[in-house]
Amino acid sequence: MRPDPNTRITPPEPDAPAAEIYMRRALALASEAALDGEVPVGAVVVRRGEIVGEGRNRRERGKCALLHAELEAIAAACARLGGWRLWECALYVTLEPCPMCAGAIVNARIPHVVYGAQDPKAGCCGSVTDLFALPFNHRPQVTGGCLEKECAAVLREFFKKLRENA
Ligand SMILES: [Zn+2]
């Protein structure tokens, strides 16, 4: 985990073992996406120790730019919990959220985001920008670098195979 002075990333303590359990489920969803020909990103929403929403990237098959893992997990959690305010929830995602998903996280009032790999091209938790540092009406706490190596590896493997098959 690389501390970045420009972000409010905090170490994944003291709940690191639990965080890794949820991130492993998000990683499994990412691998499922890869098998389906999708860029491997997976996400889960957790409330009081229980996974209440899961999602993975479905952009290619769904032919839609909106089908990111986080949005699917948030939609599932809202449906399951019967409301749009996920104020008791944490979102775990294998890749640093993009601007669209960071916006959804703010809108859903999710208080805690845990991500794995950084995304230098689209990441909005400090890589390209830090949307959560702006004065919106809700500012989630962010923990980066949870199972970072594994989360980055599934992406690297996917793009390597893609190049080999090109
Ligand atoms: Zn996104």
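Why does Arg-48 count as exposed? Arg-48 has 8 C-beta neighbours inside 10 Å, and therefore counts as exposed. A residue is buried if 20 or more other C-beta atoms lie within 10 Å of its own, exposed if 12 or fewer, and partly exposed in between, with C-beta atoms placed from the backbone.

This is a predicted model: local features need pLDDT of at least 70, side-chain atom pairs count only at pLDDT 80 or more, and totals for chains, interfaces and linings use all residues. Residue numbers start from 1 along each chain as its sequence is written.

**View 1. The overall fold has five helices and five strands.** Helices (H or I, at least four residues) and strands (E, at least two) are DSSP runs, numbered from the N terminus. Along the sequence, the protein chain reads α-β-β-α-α-β-α-β-β-α. Its C-alpha atoms fill a box of roughly 45 × 35 × 30 Å along the principal axes. The radius of gyration of the protein chain is 15 Å, which agrees with the value near 15 Å for a compact globule of 166 residues. That radius is taken over C-alpha atoms, and the globule rule is 2.2 Å times the number of residues to the power 0.38. Of the 166 residues, 42% count as buried.

View 2. Arg-48 sits in the loop between strand S1 (42-47) and strand S2 (50-56). Leu-147 counts as buried because it has 22 C-beta neighbours inside 10 Å.

**View 3. Strand S4 pairs with S3 and with S5.** Two strands pair if DSSP finds at least two bridges between them. Strand S3 (residues 89-95) and S4 run in the parallel sense over five bridges. Here Leu-95 has Ala-117 of S4 as its bridge partner. S4 and S5 also pair in the parallel sense, over three bridges. Val-114 stands opposite Thr-143 in S5. Five of the six residues of S4 are buried.

**View 4. S3, helix H4 (residues 99-107) and S4 form a right-handed β-α-β unit.** A crossover is right-handed if, with the strands pointing away from the viewer, the path from the first strand over the helix to the second runs clockwise.

**View 5. Ser-127 lies in the loop between strand S4 (112-117) and strand S5 (141-143).** Ser-127 is partly exposed because 18 other C-beta atoms lie within 10 Å. Leaving aside neighbours within four places in sequence, Ser-127 is in contact with Glu-96, Gln-118, Asp-119 and Pro-120. Residues are in contact if their C-beta atoms, placed from the backbone, lie within 7 Å. Cys-98 is 29 residues from Ser-127 in sequence and 9.8 Å away in space, C-alpha to C-alpha.

**View 6. The largest nonpolar core has 47 residues.** Such a core is a set of buried Ala, Val, Leu, Ile, Met, Phe, Trp, Tyr and Cys residues joined through C-beta atoms within 7 Å. Met-23, Ala-26, Val-45, Leu-91, Tyr-92 and Val-93 touch the most other members. Helix H1 (16-35), S1, helix H3 (69-81), S3, H4, S4 and H5 each give two or more residues to this core. H1 gives the most, with nine residues. Beyond four places in sequence, the contacts of Leu-91 include Ala-43, Val-45, Ile-105 and Val-113.

Notes. Two residues are in contact if their C-beta atoms, placed from the backbone, lie within 7 Å.
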